[in-house]
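Reader: Hi! I'd enjoy a close look at a single strand and its neighbours; could you walk me through one?

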Amino acid sequence: MNTKELDKKYIMNTYGRYDVALKSGKGCVAIDENGKSYLDVSSGIGVNSLGYCDDGWVKAVTEQLGTIQHMSNYFYCSQASELARKLCTLTPFAKVCFGNSGAEANECAIKVARKYSFDKYGEGRNEIITLRDSFHGRTVTTLSATGQDVFHNYFFPFTEGFKYAVADNFESVKALADDKTAAILIECVQGEGGVNILSKDFVKAVRRLCDERDIVLIVDEVQTGVGRTGKLFCYENFDIVPDMITVAKGIGGGLPIGLCMCTEKLANVMQPSTHGSTFAANPVVCAGANYVLSVVSDEKFLGEVNKKADYLRKRLLGLDGVKSVRNLGLMVGIELDGRDAHDIAAKCVKNGLLIITAKNLLRMLPPLNISCSELDEAVAILEKTLMEG
Ligand SMILES: *Cc1c(COP(=O)(O)O)cnc(C)c1O
């Protein structure tokens with residue numbers, strides 16, 4: 001049996017896949033099992049921030065792999081300590097808690113917010129307001145946090161205590177906030193929900209409300225973080241500082257990691273045995289993240305991300321069949337003129353461009369170090385695909 005047949009027979013059917021088995025990659029190019037090459041503007045959903053098998057990243061990871069590959073969290077780990085130091089030095093946050101995925105990072109943030117409230121106000125003040133069209137993960141609690149009805153099926157009972165406000169409608173947030181509210185959890189740009197960029201006024205108003213009522217503001221930076229929007233973290237575009245952020249996808253450069261960061265106010269909420277994970281803070285994964293962060297946190301690098309984003313936006317807006325483009329940095333949603341984005345994406349893949357969708361949009365999350373000529377190539381394949389119909 002070939003890869004596809006084995007997959008169909010032995011792997012649970014949780015994903016609709018493109019008809020391609022990828023075998024290797026370098027930079028923005030992936031090669032399939034038949035030797036055909038593809039330009040990748042999806043980065044494994046924003047994970048391969050530096051593209052495939054970046055030389056410096058491979059070196060950092062393999063060196064660590066040959067030094068010590070895992071230790072339990074009962075021992076100190078220099079790669080994890082260094083990653084936490086870097087993150088806290090580059091941001092206003094005071095402490096980090098490590099995990100292995102975006103959903104776990106959000107689980108941790110939810111636990112911190114609820115314990116903060118419990119410690120200070122006692123039982124019952126535990127509700128969390130999230131937004132319609134959000135996405136926060138696939139665990140039973142983060143599905144609950146996700147403000148889309150399609151995710152609230154089959155797996156009952158879901159975790160209690162989540163309420164959904166309308167994005168960019170501050171009155172709807174205010175109407176839900178009461179003396180039971182412990183936290184508000186938002187993505188400043190909703191990724192899976194369709195690249196919806198929140199307004200600065202809304203985000204600032206939510207920040208003010210949280211300040212007034214000692215509500216913990218959590219910003220989910222799982223997709224928007226680590227340079228994706230042209231700032232190290234997306235909240236910087238909105239002139240606020242959250243009480244907590246959650247980070248995953250792009251920070252590991254291709255290895256599984258999730259983490260939550262909090263300000264000084266929340267730094268001592270968690271104590272031994274209130275949270276943990278066997279694989280969290282893995283030295284190999286942290287070595288990869290340390291490398292990614294050392295590259296991406298450079299102001300010049302972030303400046304290039306913004307330049308490339310503007311360039312890509314202009315090129316896309318020039319295409320017949322493109323109705324509008326929504327982007328913040330290299331987080332890009334493309335609205336088509338009455339065409340089915342899923343159908344166009346599948347045809348792009350056939351034509352050698354790995355692209356994804358979000359709701360009814362085409363979505364690009366290219367490697368942050370992609371070149372303008374590679375962006376030209378991507379736009380050319382998309383143009384050709386749109387012309388074919
Ligand atoms: C992908 C994503 C998650 C879930 O991350 P996993 O690593 O798949 O658990 C959570 N929040 C946002 C905003 C995401 O884009």
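Author: Happy to! Two strands count as paired if DSSP finds at least two bridges between them. Please keep in mind that this is a predicted model.

Let's take strand E10, which covers residues 216-220. On one side, strand E7 (residues 181-186) pairs with E10 in the parallel sense, over four bridges. Within this pairing, Val219 of E10 has Ile186 standing opposite. E10 also pairs with strand E11 (residues 244-247), again in the parallel sense, this time over three bridges. Here Ile218 stands opposite Met244 of E11.

Now for the side chains. In a regular strand they alternate between the two faces of the sheet. For E10, Val216, Ile218 and Asp220 are on one side, while Leu217 and Val219 are on the other. Both faces are covered, and each of these residues is buried.

Leu6 lies in helix H1 (residues 3-10). Leu6 belongs to a nonpolar surface patch with Met1, Tyr10 and Ile11, and together they have about 450 Å² of accessible area.

Finally, another set of strands: an open sheet of four, in the order E1-E2-E3-E15, has mixed pairing. Its edge strands are E1 (22-26) and E15 (353-354), each pairing on one side only. Between E2 (residues 29-32) and E3 (residues 37-40) the pairing is antiparallel, over three bridges, and Ala30 has Tyr38 in E3 as its bridge partner.

Notes:
Residues are numbered from 1 along each chain as its sequence is written. This is a predicted model: local features need pLDDT of at least 70, side-chain atom pairs count only at pLDDT 80 or more; totals for chains, interfaces and linings use all residues. Side-chain values use heavy atoms; hydrogens and water are left out. Patches are made of residues with over 30% relative accessible area and no salt bridge: like charges are joined within 9 Å, nonpolar side chains (Val, Leu, Ile, Met, Phe, Trp, Tyr) within 5 Å. Accessible areas come from the Shrake-Rupley method with a 1.4 Å probe; for residues, only the protein chains shown count as cover. A salt bridge is a side-chain nitrogen of Lys or Arg within 4 Å of a carboxyl oxygen of Asp or Glu. Helices (H or I, at least four residues) and strands (E, at least two) are DSSP runs, numbered from the N terminus. Buried means under 20% relative accessible area, exposed over 50%, partly exposed in between (1.4 Å probe, protein chains only).
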